[in-house]
Each structure stands twice: as C-alpha cells, then as structure tokens.
Amino acid sequence: MRVQKNKRRKKRGLFLLFLLGPFCILHLVFTFIPAVYSLVLSFFKYRGYGEAKFVGLENYQNLLKMPATWRQMENTMIYYVTHLIPCLIIGFILAYAVFCMLGQRAQRIYKPIFYLPQLMATVAASMVFGVIFGTNIGVVNQLLGTSIPFLTNQNYIKIPVIVLIIWRTMGWYFLILLSGMSTVSTDLIEAAKLDGASRLQQIRYVVLPVMKPIISFLIITETMSSIKVYTEPALVTNNITATSMPIAAAPFVNVIVSNLEGGQFGMASAAGWILFFVILVFTLAYMLLFNEKGGE
C-alpha cells in the first residue's frame, strides 16, 4: 500500500512539474534573469556597446540630485492619487447602487457597459481625449465658450491625462467592487435594516468590513500598475518620444525611457529599481495598514 501511495505521489509530482515547468522556465528567462541583470547594470555606466564601467552608486546619486527626477516622481504621485480616490469612491457608489437596487439580470448588462473603456485601445482613447480637450476645436472649450490650452499649458496639461485615466480605469474598479459585494450576505443587510440601521450605517458596519480584502487587493494591484503610468501622458500630449514630453506632464517612467533613448542603460536600470522600491514601499504600507485594521 505504501509503495502504491508513493508511486501515486511521484506521478502527481511529475504531472505538476509538467504543468508548471514551462511557466517557471519562461519566468526565469524573461523576468528573473533580466531583473538581476538590470540590478547589476545599475551600478555600471554602459551605452549598450563596448566595455561597461563600474561606477557604484553614482547612477542613483545622479538621478536623486536631478530636479527633473523629483518633478516627474511628483507628477506620477499626482496621477496616482487623483485617480485612485475618485475611482474608489465613484466605483463603490456605482457598484453598491447596481448591487442593491438592480437584479442579477441588470448586473449582466451594466458590467460590460462600465468595463468597455478598459477594453478600448489606449492610443484611440488618447486621440479622442486630445480632441475633447483641444484648444481651438476641443469639445470642452466649445461647450464652455473658452480657449483653455489644456494640452500645452503646464498648469492644465495634467487635467486631460487624469480624466482619461479615471475614465479608462473606472470600469475595473466597478467590476471588482461589484464582484466583492456578492460576498456580502443579504441576511446581514436585512438584519441591519431590522435593527434600524440607515443606508450609511449598513455600508459602514456591514458592507465595508466584509469587503476589506477586496478593497485591499484592488488598491495594491492598482498601485503596482498606476505608478508605472506612461502611455496616457505621452499620447494625450502627443509626444511619443520621452525627450519631447513636457516636464509638467512627464511621469517617472519617462526617466527610464529618456535614458534608454540616450543610450544610458545604467541610469535607466537605476531609475527602474528606484521605481521598484517606491512600489514596494507603497505595497508593504498598504498590506500593514489593512492587516492592522483586519486585526482590530
């Protein structure tokens, strides 16, 4: 019996290895090895050809001394905060309204409608928003009877980018939050109603506590992707190359791209690892925050 069990375990192990093997190999070749190589490269001055010169922490020091680096990190944080908070609030309100007031059949209709912008090509969406916020023939300026230079003035140039990001990601927030609300027991809500709880009290004491894991997952995953934003600012401002993007709109990823375009591969790798540590800090902070709240 023991021999047969051991044989079954070996067969299961080999079968799992067969299934996971290709993924592990691809992950090793295309993710882990390049990541280690870029970390090593961040301590060198290398133009993509010739001999690499070891410079230690000089690449990191040069990046942190540049005012442009901090300005572009500030832009990234502005894009991140100004879309995360509205999307969380509006997405939760929409999801709660659809969950509580409409049936399952209506949810099937609203899910693809709200998620549709996420499926739209970023290039096409950026071109549309470029027209909407244009100075002379823009829809917004035509409706308001103004000529605000949204796409050229550094005081307004972030607005079209933020609106585009909110419009594209709102459906993702809505879909995840609506799915999370399906874990809330209707019996709990009914019990809260019988106890005289108002709508806000039901949300605060019943819905939100149950949905904490979903909200934490949503915030952490969105943090990982949002801090790496680059495509929307580049396309809305119609500046495909990093060197031509206005500093008022350029995100931190622009530092990586501009150094790659200039052949500074060591600097680009250092900038990439700075971004990695920023994302890591945010992720760990959110995990600690939600774990503490969960423990309470």
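A residue is called buried under 20% relative accessible area, exposed over 50%, and partly exposed in between (1.4 Å probe, protein chains only). The structure is a predicted model, in which local features need pLDDT of at least 70 and side-chain atom pairs count only at pLDDT 80 or more, while totals for chains, interfaces and linings use all residues. Residues are numbered from 1 along each chain as its sequence is written, and side-chain values use heavy atoms, with hydrogens and water left out. Helices are DSSP runs (H or I, at least four residues), numbered from the N terminus.

- Patches are built from residues with over 30% relative accessible area and no salt bridge, joining like charges within 9 Å and nonpolar side chains (Val, Leu, Ile, Met, Phe, Trp, Tyr) within 5 Å.
- Accessible areas come from the Shrake-Rupley method with a 1.4 Å probe, and for residues only the protein chains shown count as cover.
- Lys and Arg count as positive and Asp and Glu as negative, with His and the chain ends not counted; a charge is placed at NZ of Lys, CZ of Arg, CG of Asp or CD of Glu.
- A surface patch of positive charge brings together Arg 8, Arg 9, Lys 11 and Arg 12.
- Lys 11 belongs to helix H1 (residues 2-41) and counts as exposed because its relative accessibility is 61%.
- Ile 25, Leu 26, Leu 28, Val 29, Phe 30, Phe 32, Ile 33, Val 36 and Val 40 form a nonpolar surface patch of about 870 Å².
- Leu 28 is also found in helix H1; with a relative accessible area of 42%, Leu 28 is partly exposed.

- Gly 134 sits in the loop between helix H5 (122-132) and helix H6 (139-144), and its 10% relative accessibility makes it buried.
- Leaving aside neighbours within four places in sequence, Gly 134 is in contact (heavy atoms within 4.5 Å) with Asn 141 and Leu 151.
- Between the C-alpha atoms of Gly 134 and Pro 160 there are 9.7 Å, and the two residues are 26 residues apart along the chain.
- Asn 259, in helix H11 (residues 253-261), is buried at 11% relative accessibility.
- Not counting residues up to four places away in sequence, Asn 259 touches Leu 63, Gln 264, Met 267 and Ala 268.

**The salt bridge**

- Side chains of opposite charge can pair when their charged atoms come close.
- One salt bridge (a side-chain nitrogen of Lys or Arg within 4 Å of a carboxyl oxygen of Asp or Glu) is found in a search of the whole structure.
- The side chains of Glu 232 and Arg 168 meet in a salt bridge at 3.4 Å, N to O.
- This pair links distant parts of the chain, 64 residues apart: Glu 232 is in helix H10 (residues 231-236) and Arg 168 in helix H7 (residues 158-181).
- Glu 232 and Arg 168 are both buried.

Note on methods:
Helices (H or I, at least four residues) and strands (E, at least two) are DSSP runs, numbered from the N terminus.
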